[in-house]
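Student: I have a structure open and a list of labels to check. Can we go through them and see what each label rests on?

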Amino acid sequence: MQDQATAIGAVLDAMYAMISGPAGPRDWSRQDELFHPDCRQIRTGADADGVPWMLAFGLAEYRENADRLLAGMDFYEVETARELRIFGNIAHAWSTYEARSAPDAAEPERRGINSIQLYREADGRWRIINMIWDNERPGLRIGE
């Protein structure tokens, strides 16, 4: 049987590959394989006054929102660090990322952290069941 951390790592790597690419709609064909049907994806941030906001999506809503955002923007998200905890049929990954306009861009456009929860199904397959993320901004820096 495949090592649990390796199996989870493959899911996370595929998730980053799925969202990354040149401007235009993404190939969502792997989404149903990687994400549980009940998954929620939650984008968070803060407005100009520092007031927190969030947008929560089901899978179809996320696809529509991401395709709108990425229609005219090259976007490559790369994981730079991962902290993984596994207990029974649940796992949690803190996944630090950098977003770039090109895979070889010298500097990232932004950095942030994905908090990803996974569930191991009866067949042993790990799937993302919840994901919430936030980008770095003044006063909120990774590693400080």
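Student: What stands opposite tyrosine 97 in β5?

Tutor: Glycine 112 in β5 stands opposite tyrosine 97. This is a predicted model in which local features need pLDDT of at least 70 and side-chain atom pairs count only at pLDDT 80 or more, while totals for chains, interfaces and linings use all residues. Residues are numbered from 1 along each chain as its sequence is written, and side-chain values use heavy atoms, with hydrogens and water left out.

Student: How do you know that β4 and β5 pair?

Tutor: Two strands pair if DSSP finds at least two bridges between them. Strand β4 (residues 90–100) and strand β5 (residues 110–120) have 10 bridges, in the antiparallel sense. Therefore they count as paired. The strands themselves are DSSP runs (E, at least two residues; helices are H or I, at least four), numbered from the N terminus.

Student: What makes β5 and β6 a pair?

Tutor: The rule is again the bridge count. β5 and strand β6 (residues 126–135) are joined by nine bridges, antiparallel.

Student: Which strand runs parallel to β6?

Tutor: Strand β1 (residues 35–46) does, with five bridges to β6. Phenylalanine 35 has isoleucine 128 in β6 as its bridge partner. β1 also pairs with β2, in the antiparallel sense, over six bridges. Arginine 43 stands opposite leucine 55 in β2. These two strands form a hairpin with five residues between them, and glycine 50 in the turn has a positive phi of about 85 degrees.

Student: How many aromatic pairs are there in the structure?

Tutor: Three. Tryptophan 28 and tyrosine 62 form one of them, with 5.9 Å centre to centre and 80 degrees between the planes.

Student: Why is that pair of tryptophan 28 and tyrosine 62 called edge-to-face?

Tutor: Rings of Phe, Tyr and Trp (its six-membered ring) pair if their centres lie within 6.5 Å; planes under 30 degrees apart are stacked, over 60 edge-to-face, the rest tilted. The centres at 5.9 Å pass, and 80 degrees is over 60, so the label is edge-to-face. Tryptophan 28 lies in the loop between α1 (4–19) and α2 (31–34), and tyrosine 62 in helix α3 (residues 59–70), so the pair ties together parts 34 residues apart in sequence.

Student: Why is tryptophan 28 called buried?

Tutor: Buried means under 20% relative accessible area, exposed over 50%, and partly exposed in between (1.4 Å probe, protein chains only). Tryptophan 28 has 13%, so it counts as buried. Tyrosine 62 has 9%, so it is buried as well.

Student: What is the distance between the ring centres of tyrosine 62 and tryptophan 133?

Tutor: The centres lie 6.1 Å apart, with 85 degrees between the planes, and this pair is edge-to-face too. It links distant parts of the chain: tyrosine 62 is in helix α3 and tryptophan 133 in strand β6, 71 residues apart. Tryptophan 133 is buried, like tyrosine 62. Ring pairs join Trp28, Phe57, Tyr62 and Trp133 into a cluster.

Student: Why is glycine 58 called buried?

Tutor: Glycine 58 has 14% relative accessibility, below the 20% limit, so it counts as buried. It sits in the loop between β2 (52–57) and α3. Glycine 58 touches Cys39 and Arg40, residues up to four places away in sequence not counted; contact means heavy atoms within 4.5 Å.

Student: Why is alanine 81 called partly exposed?

Tutor: Alanine 81 is at 38%, again between the limits, so it counts as partly exposed. Alanine 81 is in strand β3 (residues 76–87). Beyond four places in sequence, alanine 81 contacts Trp94, Ser95 and Thr96.
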